[in-house]
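Let's take a walk through this model together, from its surface to its pocket and its charged pairs.

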Amino acid sequence: MSVRRVVPDIRSQDLQESREFYGLLGFEEVMDLGWVVALASPTEPKAQIILMTGDATAPVVPDMSVEVDDVDAAYAAVRDSGAEIVHPLQDEEWGVRRFFVRDPDGKVVNVLSHR
């Protein structure tokens, strides 16, 4: 299993205001589902920030997202370690397969692969 990218997830009270702020730093919108907006650098597309008002299917907003090439293998490794699964492995309607896990410091990590 390999990591494809790591993205900070930021809980936003006002997506438009946050979008405008990060636009000042050069980020451009690459996805908007209403409750979640992805911003990326136009010159370095893997340099991204996720803004969220909440999560459509999970109980919490994660602190970061880690995209891996094999989310099922990651899930098995994390589950077998005894780490706390916060949101079960599932396919989401917007094209990802993901789960949430809590790290040793209490941070929630969204682990995903694109389908």
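**A guided look**

Start with Leu 24, which sits in the loop between α1 (15-23) and β2 (28-32). Keep in mind as you look around that this is a predicted model. Leu 24 counts as exposed because its relative accessibility is 71%, above the 50% cut-off. Together with Phe 21 and Leu 25, Leu 24 forms a nonpolar patch on the surface, and the three share about 370 Å² of accessible area.

Now turn to the largest pocket, whose volume is about 310 Å³. Elements giving two or more residues to the lining of this pocket are β1 (3-11), β3 (36-40), β4 (48-52), β7 (96-102) and β8 (108-114). In total, 21 residues line the pocket, with Arg 5, Met 31, Ile 50, Trp 94 and Asn 110 nearest its centre.

Finally, follow the charges. Side chains of opposite charge can pair when their charged atoms come close. The structure holds nine salt bridges. One of them joins Glu 92 to Arg 98, at 3.0 Å from N to O. Glu 92 is buried, because its relative accessibility is 4%, and Arg 98 is buried too, at 3%. Asp 91 pairs with Arg 97, their closest N and O atoms also lying 3.0 Å apart. Here Asp 91 is partly exposed at 41%, and Arg 97 is partly exposed at 22%. Arg 79 and Asp 80 form a salt bridge at 3.4 Å, with Arg 79 partly exposed at 44% and Asp 80 exposed at 59%.

Definitions and conventions: Residues numbered from 1 in each chain as written. Predicted model: local features only at pLDDT ≥ 70, side-chain atom pairs only at ≥ 80, totals over all residues. Heavy atoms only, no water. Patch = residues over 30% accessible without salt bridge, like charges linked within 9 Å, V, L, I, M, F, W, Y side chains within 5 Å. Areas by Shrake-Rupley, 256 points an atom, 1.4 Å probe, with all protein chains shown as cover. Salt bridge = Lys/Arg side-chain N within 4 Å of Asp/Glu carboxyl O. Helix = DSSP H or I, 4+ residues; strand = E, 2+ residues; numbered from the N terminus. Buried < 20%, exposed > 50% of the residue type's maximum accessible area, 1.4 Å probe, protein only. 1 Å grid on protein atoms, 1.4 Å probe; cavity = no way out; pocket = protein on both sides within 12 Å on 5 of 7 lines; lining within 4 Å. Points joined across faces, edges and corners; volume = space filled by probe spheres on them.
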